[in-house]
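Student: I'd like a close look at one part of this protein and how it sits among the rest. Could you walk me through it?

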Amino acid sequence: MSENIKVRTIKAAYEEIKAMDPGTAITEWAIRTAVTGGYIPSRMVGNKYVVNLKSVFDYFGMGNSHECA
C-alpha cells in the first residue's frame with residue numbers, strides 16, 4: 001500500500017479533529033450521524049464503527065487541511 005491509512009473509531013476520529021482545531025464546530029455526534037446514515041464509509045468491528053480518517057476529513061470538507069496521507 002502506498003497510502004498511509006488511518007483507521008479510527010468514531011470517538012478517536014473526533015478526538016483527532018478536536019486536537020487539530022480545539023474550536024471546531026464538528027461534534028462526535030455529527031460524525032456518528034454521518035456514519036450511521038451511510039455518508040461516511042465504515043465497518044463494524046465488534047460493536048463499534050471504524051472509519052478511515054481521510055473519509056471523515058473529506059466528508060467535512062477538510063480534504064486539504066490534514067496530513068493523513
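Student: Which backbone atom does the side chain of threonine 24 reach, and at what distance?

Tutor: Happy to. This is a predicted model, in which local features need pLDDT of at least 70 and side-chain atom pairs count only at pLDDT 80 or more, while totals for chains, interfaces and linings use all residues. Residues are numbered from 1 along each chain as its sequence is written, and side-chain values use heavy atoms, leaving out hydrogens and water.

The side chain of threonine 24 reaches the backbone nitrogen of isoleucine 26, at 3.1 Å. That is a polar contact (N or O atoms within 3.5 Å, one able to donate a hydrogen and the other to accept it; residues adjacent in sequence count only if both atoms are side-chain atoms). Threonine 24 lies in the loop between H1 and H2; helices (H or I, at least four residues) and strands (E, at least two) are DSSP runs, numbered from the N terminus. With a relative accessible area of 15%, threonine 24 is buried (under 20%; exposed is over 50%, partly exposed in between, with a 1.4 Å probe and protein chains only). Leaving aside residues up to four places away in sequence, threonine 24 touches Ile17 and Lys18, where a contact means heavy atoms within 4.5 Å.

Ile17 leads us on to the largest nonpolar core. This core has 13 residues, and Ile17, Ile31, Val35, Ile40, Val51 and Val56 touch the most other members. Such a core is a set of buried Ala, Val, Leu, Ile, Met, Phe, Trp, Tyr and Cys residues joined through side-chain atoms within 4.5 Å. Helices H1 (10–20), H2 (28–36) and H3 (53–59) each supply at least two of its residues. Valine 56 touches Ala13, Ile17, Ile31, Ile40 and Val51, again not counting residues up to four places away in sequence.

Now for the whole chain around the loop. The protein has three helices and three strands, which run β-α-α-β-β-α from the N terminus on. Of its 69 residues, 25% are buried.

The strands form an open sheet in the order E1-E3-E2, with antiparallel pairing; two strands pair if DSSP finds at least two bridges between them. E1 (7–9) and E2 (42–45) stand at the edges with a single partner strand each, so one side of each has no neighbour in the sheet. From one strand to the next, the twist averages 35 degrees. H1 packs on this sheet, touching E1 and E3, and its direction makes about 105 degrees with that of E1 (axes are lines fitted to C-alpha atoms, for helices over the stretch in contact, with angles from 0 to 180 degrees between N-to-C directions).

Three bridges join E1 to E3, and four join E2 to E3 (residues 48–52). Core residue Val51 is the bridge partner of arginine 8, and serine 42 also stands opposite valine 51. Arginine 43 stands opposite valine 50. E2 and E3 form a hairpin with two residues between them, and glycine 46 in the turn has a positive phi of about 65 degrees.
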